[in-house]
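Please read the following report alongside the sequence and the three-dimensional model.

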Amino acid sequence: MKKLTYLLVTIILFAGCKPKEPIVPQLNISPTDSIVKCSTIKPAVFHIKARTQEDMKSFHIETNPVIFRFDTLFPSFTHQYIDSFVIKIPEGIELSSDSLITAKFSVKDPYNTTTVIKYLRVVDPYPDLIQDTVILYTPLLGKGFYDLATHTALDTTAAAGSFDIAFVVGNDGAYTITSPNAPWLASTLQGQGINYSVDGQRITKIAKSLVAYNSMDDRYIYYMTVTERYLYNTPSDGIGVEALSIDNTLIFETQDGRKGAMKVLSIRPGSSSIVLAIKYQCRVAQ
């Protein structure tokens, strides 16, 4: 009996002396999304927090295909590492849009390595341009509103907030393009017997431009800054350009951030209509 007791005590003591398994390194990366968008002009930014119970040995980043690589070693008694990294696609690297780049982040101690995999989705920095020719009529006579999202001309039955550009021939005969929320537009249409309210309408920045319409490509429009112009230079009238004539070029930016340009090709007094060449981003720039 004594021998059995002694054996049990020995087993218990031996089990209590068994070394604990080492705790694996912790590696937290922000953003937490597994896929992060990246382009030649808009990089992916990663914030790193690493912690180890044992001495931290190294931290490593490598992408496949190789567009970025980082290695660092740590002195003794290092148990925490905080850093940020900016990864963007170098100019001249040919990668198709929507392709994925694998990014591997690793932190190592003497016993374990923790690895986190992220993916960089390649995006085209300059959205393609939709180009069209549009005829708009003063709303009393036809479709005077235009929605960029659906590429559609709309009439006065259009719901509030469903279009980005409004055209109207004013009471003074001036051909005018405005933001849908312009108070002057509402006043003018109401004076023509059309019930129109600015409540819930979209806001579009519009201004004249001296840059040739044909020279505005996807890169130019991406970097273009639109500073809104006020109708008759009066902020209370709202945003727009009045007294349009043939060859006038306008630039615009919609409420959701989509940018574009238009050129007056023709003015038709007989039908109170205007013919516009228009180009605009197929999507909001990312």
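Five strands form an open sheet in the order β2-β8-β7-β4-β5, and their pairing is mixed. Because β2 (35–38) and β5 (69–73) stand at the edges with a single partner strand each, one side of each is left without a neighbour in the sheet. Neighbouring strands of this sheet are turned against each other by 20 degrees on average, direction ignored; axes here are lines fitted to C-alpha atoms, for helices over the stretch in contact, and angles run from 0 to 180 degrees between N-to-C directions. Within the sheet, β7 (residues 100–108) pairs with β8 in the antiparallel sense over nine bridges, and Phe 105 stands opposite Val 116 in β8. Two strands are taken to pair if DSSP finds at least two bridges between them, while the strands themselves (E, at least two residues) and the helices (H or I, at least four) are DSSP runs numbered from the N terminus.

This is a predicted model, in which local features need pLDDT of at least 70 and side-chain atom pairs count only at pLDDT 80 or more, whereas totals for chains, interfaces and linings use all residues. Residues are numbered from 1 along each chain as its sequence is written, and side-chain values use heavy atoms, with hydrogens and water left out.

Strand β8 (residues 113–122) also holds Lys 118, which is buried yet has no salt bridge, the nearest side chain of opposite charge being that of Asp 33 at 6.9 Å. Buried means under 20% relative accessible area, exposed over 50% and partly exposed in between (1.4 Å probe, protein chains only); a salt bridge is a side-chain nitrogen of Lys or Arg within 4 Å of a carboxyl oxygen of Asp or Glu. For charge, Lys and Arg count as positive and Asp and Glu as negative, with His and the chain ends not counted. A polar atom of the Lys 118 side chain does lie 3.1 Å from the backbone oxygen of Thr 32. Leaving aside neighbours within four places in sequence, the contacts of Lys 118 (heavy atoms within 4.5 Å) include Ile 29, Phe 46, Ile 101 and Phe 105.

Arg 258, in the loop between β16 (249–253) and β17 (259–268), is likewise buried without a salt bridge. Its nearest side chain of opposite charge belongs to Asp 256, 4.1 Å away, and the side chain of Arg 258 reaches the backbone oxygen of Cys 282 at 3.2 Å. Residues touching Arg 258, not counting those up to four places away in sequence, include Leu 148, Phe 252, Tyr 280 and Val 284.

A further open sheet has three strands in the order β1-β3-β6 with antiparallel pairing. Its edge strands, β1 (26–30) and β6 (80–87), each pair on one side only, and the twist averages 15 degrees from one strand to the next. Strand β3 (residues 44–51) and β6 are joined by eight bridges, and the bridge partner of Lys 49 in β6 is Ile 82.

In helix α2 (residues 183–191), Trp 184, Leu 185, Ala 186, Thr 188 and Leu 189 are buried, under a cover that includes β10 (145–147), β12 (165–169) and β13 (175–178). Strand β12 is itself mostly covered, with five of its five residues buried: Ile 165, Phe 167 and Val 169 point one way, and Ala 166 and Val 168 the other. Two bridges join β12 to β10 in the antiparallel sense, with Tyr 146 opposite Ile 165, and four bridges join β12 to β13, also antiparallel. The latter two strands form a hairpin with five residues between them, and Gly 173 in the turn has a positive phi of about 85 degrees.

The whole structure contains six salt bridges, among them the following.

| Salt bridge | Closest N to O distance |
|---|---|
| Asp 71 and Arg 69 | 3.3 Å |
| Asp 247 and Lys 263 | 3.9 Å |

Asp 247 lies in the loop between β15 and β16 and Lys 263 in strand β17, so this pair ties together parts that are 16 residues apart in sequence. Asp 247 counts as exposed at 51% relative accessibility, whereas Lys 263 is partly exposed at 21%. Salt bridges that share partners also join Glu 62, Arg 69 and Asp 71 into one network.

Key
A polar contact is a pair of N or O atoms within 3.5 Å; within protein, one must be able to donate a hydrogen and the other to accept it, and residues adjacent in sequence count only if both atoms are side-chain atoms.
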